[in-house]
Amino acid sequence: MKANDVILQTATKVVFFIIFLFSIHIFFAGHFAPGGGFVGGLLTTAAIVLLLLAFDLKTVQQALPFNFMIVVAIGLVLAIGMGAGSFVFNVPFLTHAFGDFYLPLFGVTSLHTAMIFDAGVYLVVVGSTVTMIQSIGGES
Amino acid sequence: MSLEFVWFIFLPILAAIIVPFLFRAIKNIHTGWFVLIVPVVLFIYYARFVKGILNGEVHISELPWIPSLDISFTAYMDGLSILFSLLITGIGALVVLYSIFYLDKQREKLNNFYVYLLMFMTAMLGIVQSDNTISLYLFWELTSISSFLLIGYWFTRDRSRFGALKSMMITVFGGLMMLGGLVLLSIMGDSYSIRELIANSSSIVGHDYFTLAIVLILLGAFTKSAQFPFYIWLPDAMEAPTPVSAYLHSATMVKAGLYLVARFTPVFATSELWIWLVTGIGLLTLFWGSFFAVKQTDLKAILAFSTVSQLGLIMSLLGASAVAYHVTGEQAAIFKVAAFAAIFHLINHAMFKGSLFMVAGIVDHETGTRDIRKLGGLMSIMPVSFTVAFIGSMSMAGLPPFGGFLSKELFLTSMLSLREFNLFNFDTWGIVFPVIAWIASIFTFVYSFYFVFKTFTGKRKDHELPKKPHEAPLGMLLSPIILAITVVVIFFIPNMVGKAFVNPAVVAMQTGIYTHPGDVGIQVSAWHGWLAPEFLMTLGVIAVGALLFLTMARWQKLYDIQPQYLTLNTLYDSLMIFGETGMNRLSRFYMTGLIRTYFIYMFTFIVTITTGALFIQDAFAVDMNSFSPVNAYGLMTAIILIIAICMVLFAKTRLTAIIALGGVGYSVALFFVIFKAPDLALTQLVIETVSVALFLLAFRYLPSLKSHGETKKIRVGNLLIAAAVGVTMTLIALSAHSQKLIPSISQYYKDTVFTEAAGGNIVNVILVDYRGFDTLFEIAVLGIAAIGVYSMIKLRLSRKEKSDESE
């Protein structure tokens, strides 16, 4: 199909990870700096779109063997589960909790349940957009 | 009376439940015999009330239905109710008896027939006994529905269905109007109870709604009782089986309107409008019906028009009876006759019209036709039917020695007495009433003779009859004979009938004038003396009527003068057609199926309503002080944005449009940067990229733009609407910005973003923490969109695959 895309494909292999790492960074930084689940998810999608442009659909599907619809479902379950978890502590739906914890590798870290919720957002955004692009692109 | 008598109203409809089972289980006995028990039992039961009511008692029995809304089934038994109840059950019993011999138990669907009939009986009893206006309306509509079912009993015939639909349309129209009237009445009188409304009538009179309530309630009464111009359903309802015509369309349902007028007379009688409308329309109907009855050639059609005319007569008497409320002293006595005459004629009419319908049914049954042109000389073959028909017709014509004579005399007396009344311009117009009444009586005379003599005398035309005629079986004759005997008996004992049935009813109708049935001191006399005007008028009726009857062949052509397209039936038909095609055309006119059109509607309405509201409320304001200063970056980005938008609008190819749209998106992202919204700018940038990619993916499958071709047509209308929407939104934005009524809550977020939510990015914290609920559903929307895109594409593919396989 794409006969002579060596430069593009080589560049993609590098750039993909840079974008992906940036998206992860933006996702984690979201609570304090601009970013968050939505932008992070979209950036990840953009990375995958780049893969799709450089390689063909089948290669990408082999490289990322996920059913992205299930990713959407996992994201939704995460978000709703996080919200419903507050019932266990007898507080209103979607009440967040946070605190500083000692983690083995990271030391004292501030953890926030909003992160779980944001991870749900992230997964839904990635799943949805990739599903759409794959379905539309896959038709050709 | 131990068992509450309100329950007895429901006896027929409860009995109706078991009728279909009886019909299926017991094949060799006519189902009608079982049904007959119901009206007979009820008749005997109601007859026991007569004595008490004669002594001035009234009975009330209540069955709560919706107590919180003050709605109940309240049965109120006074003179008027008992009279109607006895008519309904008595004639009901006779009609059921007649139908047993009229309807064949093998060929007819008797289960349907008797269920409808019993339903109707409950509905009628409910109307005449209801004290609660809401339950009155409920039963009122139940009569419309059951009568619809009964008229359409032979539903395989076109004419039956047409007649059923027509009667339904007209009576339900009236019923709904009446509901409006009743609601207004209950608002004015502050009660649903008719008794209390009558007691509160002083507060009702002169209320703002008073006139409207009169008109609405009278619309209900006039449509049900087939008054001009709503009588047109009655002749078409003659497609019903004859027992139905005899029962519904002579004795009971058409009298529901009369009942209503009589019942509400104490409330409305003080109104001039009421007297004029009821009397005037009644007389017009009387004349109109009697005039057109002579034109008919179908036996039942003659009877239908005669019913219309007689109902008009009773209606006019009811109107005249309201006059009694306006006069006092010496004069009052003569106006009180009208109420008595109305009730008396109502009884008479139920008797003779019932018997006449039954005779018409017998003739139809035994000869196979109801066409009067094919009938003749049946007297010697059917002597009993002839006798009954003769008695009925003579009573209808108002000749002695039959009940009809007495009521006609009373009618003429009442109409003559209207001349004496000198309120509401009656002294100038009063003379019109007796004159119309007299002319109508002549025509009544003519059609009565026409009915009986064209059918039973003259030459036999056996070759034209589908069947060989012979006398009907005794069972079929029994009911009309009983009714005919009653007609004769009434003539000889009018004062007993008057005392037992009419006086209590008059008291119920004219509460406030009488308190006890014994007070109604009206004596019916068959003889007024040689020079009494009633007697002379009757003589005149007989003389002119006989002359007209003998010369009928010569002047009957007069009826052909009125062209078909000027009749009320044509008016009704064209109204129906107009309703159907007109509405069809209207909806086809605006429901074009083009989304573009609907957008035009929506935008036009948005612009009209919002700018209208803006200017009516005087809400438009521009406060220059609240504006921020414009910087160079903002200005430049705005210029880029505008250029990009213009490119989208005027692009000749899709690709240009898509790229320009991307330009718009990126300049919006720039705006977000300028206005210090980094999260939005990031998201906008990425989403714009992804959506442009999607556009490009979809781009190559799209057909080339037609309207974006070389000669681009600018639609002025679209341009105007687009400009208007833009201007509207700008105006609203300016006004909203210039008038901040309450301070923003953003300060709270700024203060608590770290302490409460342990975050630094307010936007994200709002998204996931303060208002995470919204985000939850936004990601749900996103997921649904993805699933939608996926399934649309995959399902389309699988369908394509399927069709490939089938090929």
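Helices (H or I, at least four residues) and strands (E, at least two) are DSSP runs, numbered from the N terminus. By this reading, chain A has five helices and two strands, arranged along the sequence as α-α-α-α-β-β-α. The C-alpha atoms of chain A fill a box of roughly 60 × 30 × 25 Å along the principal axes. The model is predicted, so local features need pLDDT of at least 70 and side-chain atom pairs count only at pLDDT 80 or more, while totals for chains, interfaces and linings use all residues. Residues are numbered from 1 along each chain as its sequence is written, chains are lettered from A and ligands numbered from 1 in the order in which they are written, and side-chain values use heavy atoms, with hydrogens and water left out.

We can turn next to the meeting of the two chains. The size of an interface is often given as the accessible area lost when the parts come together. Chain A and chain B bury about 3500 Å² between them, with 78% of it on carbon and sulfur atoms; buried area is the accessible area (1.4 Å probe) that two parts lose on being put together, summed over both. Chain A brings 37 residues to the contact and chain B brings 40 residues, where contact means heavy atoms within 4.5 Å. Zero salt bridges are found across this interface, a salt bridge being a side-chain nitrogen of Lys or Arg within 4 Å of a carboxyl oxygen of Asp or Glu. On the side of chain A that touches chain B, helix H2 (37–54), helix H4 (68–85) and helix H5 (114–139) of chain A each supply at least two residues. H5(A) gives the most, with 14 residues. By class, this side of chain A has 24 nonpolar, eleven polar and two charged residues. Here Ala, Val, Leu, Ile, Met, Phe, Trp, Tyr, Cys and Pro count as nonpolar, Asp, Glu, Lys and Arg as charged, and the others, Gly among them, as polar.

Within chain B, a pair of helices deserves a look. The axes of helix H4 (residues 79–102) and helix H22 (residues 494–509) of chain B come within 6 Å and cross at roughly 130°. This makes H4(B) oblique to H22(B), as angles under 35 degrees count as roughly parallel, over 145 as roughly antiparallel, 65 to 115 as roughly perpendicular and the rest as oblique. Axes are lines fitted to C-alpha atoms, for helices over the stretch in contact, and angles run from 0 to 180 degrees between N-to-C directions. Gly79(B), Leu80(B), Leu83(B) and Leu86(B) in H4(B) meet Phe501(B), Pro504(B), Ala505(B) and Ala508(B) in H22(B).

Over all chains, the structure holds nine salt bridges. Asp78(B) forms a salt bridge with Arg263(B), their closest N and O atoms being 2.9 Å apart. Asp78(B) lies in the loop between strand S2 (71–77) and H4 of chain B and Arg263(B) in helix H13 (residues 253–268) of chain B, so the pair ties together parts that are 185 residues apart in sequence.
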